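Open the model in your viewer and keep the selection panel at hand.

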Amino acid sequence: EITKEQQALMKIITDAYNRHQIPQDVAKKLLQDQYSAEENFLLLTEMATSQVQVLVEFTKNIPGFLSLDREDQIALLKGSAVEAMFLRSAQVFNRKTPSGHTEVLEERIRKSGISEEFITPMFNFYKSIGELHMVQEEQALLTTVTILTPDRPYVKDQQAVERLQETILDVLRKLCVLQHPQEPQYFARLLGRLTELRTLSHYHTEMLASWRMNDHKFTPLLCEIWDVQ
Ligand SMILES: CC(C)c1onc(-c2c(Cl)cccc2Cl)c1COc1ccc(-c2ccc3nc(C(=O)O)ccc3c2)cc1
């Protein structure tokens, strides 16, 4: 039922998603042995900065994205970066092969100056993503659907973004039916995660504000994408 061109589209996006990962030498830094709140914040800032660079490169591979209005491309990246990073870090937490990064990443997030009121929903989200047992194609397409959200702030041509998103949603819906035949509502559950991501994105804005109150510094790229400083 998935057409040839939908297969091709899925392959392009999944290959790009797998190709664009945080460099292993950056990820390895999580394993170093300082665990102060300061050190954890600095490491997480480095992870996020590297992840944003990876995200920008991945987005260029989404068919049709570079044909969008240039300012809309920026608006989509700024509006979806946090959500895309929640999805990517969720995959790290729910990886089959324990890469050793999972425990240390959790430890560093829990001890980086984030207040408990955000830690709980954050790790509930990670758990709920894990329970979906997404295949890598679903992860790649779900991230793409998140990036191609038409109603981000400052997007001018929402219709153009909607057309692209609908194309991806159609493939994702068919893939879910194929991958989870015993669970007809699986696609709906996936889309429910996108709603949870929006909530986390709002929490994130408050997380940033509280870090800034304690005079935490971000990198120029993160300041740019999150409109801080
Ligand atoms: C600026 C920092 C402090 C920040 O602010 N909010 C969040 C934040 C938080 Cl704390 C949670 C969710 C989203 C955001 Cl933006 C963060 C840290 O964001 C992260 C982004 C990505 C990763 C990440 C991504 C991929 C990885 N891949 C591997 C691998 O082995 O391939 C290993 C580690 C990885 C780490 C970790 C934290």
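A residue counts as buried when its relative accessible area is under 20%, and as exposed when that value is over 50%. Keep in mind that this is a predicted model.

**Stop 1: cysteines**

Select C176. Its relative accessibility is 2%, so C176 is buried. Now select C223. Here the relative accessibility is 13%, so C223 is buried too by the under-20% cut-off. How many disulfides are there? The count is zero. A disulfide would be a covalent bond between the sulfur atoms of two cysteines; the rule applied here asks for a pair of cysteine sulfur atoms within 2.5 Å.

**Stop 2: α3 and α4**

Select residues 37-59 for helix α3 and residues 70-93 for helix α4. Two packed helices are described by the angle between their axes and the distance between the axes. For α3 and α4, the axes come within 10 Å and cross at roughly 110 degrees. Angles of 65 to 115 degrees count as roughly perpendicular, so α3 is roughly perpendicular to α4. The crossing is right-handed.

Next, show side chains at the contact. On the α3 side, pick A48, Q51, V52, L55, V56 and T59. On the α4 side, pick L77, A81, A84, M85 and R88. Colour the contact of α3 with α4 by residue class: eight residues are nonpolar, two are polar and one is charged.

**Stop 3: α5 and α6**

Move on to helix α5, residues 101-110, and helix α6, residues 116-130. Their axes lie 11 Å apart, and the packing angle is about 160 degrees. How are α5 and α6 oriented to each other, roughly parallel or roughly antiparallel? Angles over 145 degrees count as roughly antiparallel, and α5 and α6 are therefore roughly antiparallel. The crossing of α5 past α6 is right-handed.

Pick E106, I109 and R110 in α5. They meet I119, M122, F123 and Y126 in α6. The contact of α5 with α6 divides into five nonpolar residues, two charged and no polar.

**Stop 4: after α10**

Select α10, residues 220-226, then step into the segment after it, where D227 lies. Check the backbone. Most residues other than glycine have a negative phi. D227 is not a glycine, yet its phi is positive, at about 50 degrees. With a relative accessibility of 55%, D227 counts as exposed.

Finish at Q229, which also lies in the segment after α10. Q229 is not a glycine either, and its phi is positive at about 60 degrees. Buried or exposed, which is Q229? Its relative accessible area is 54%, so Q229 is exposed.

How values were computed. Residues are numbered from 1 along each chain as its sequence is written. This is a predicted model: local features need pLDDT of at least 70, side-chain atom pairs count only at pLDDT 80 or more; totals for chains, interfaces and linings use all residues. Side-chain values use heavy atoms; hydrogens and water are left out. Axes are lines fitted to C-alpha atoms, for helices over the stretch in contact, and angles run from 0 to 180 degrees between N-to-C directions. Helices (H or I, at least four residues) and strands (E, at least two) are DSSP runs, numbered from the N terminus. Angles under 35 degrees count as roughly parallel, over 145 as roughly antiparallel, 65 to 115 as roughly perpendicular and the rest as oblique. A crossing is left-handed if the near helix is turned anticlockwise from the far one by less than a right angle, and right-handed if clockwise. Contact means heavy atoms within 4.5 Å. Ala, Val, Leu, Ile, Met, Phe, Trp, Tyr, Cys and Pro count as nonpolar, Asp, Glu, Lys and Arg as charged, and the others, Gly among them, as polar. Buried means under 20% relative accessible area, exposed over 50%, partly exposed in between (1.4 Å probe, protein chains only).
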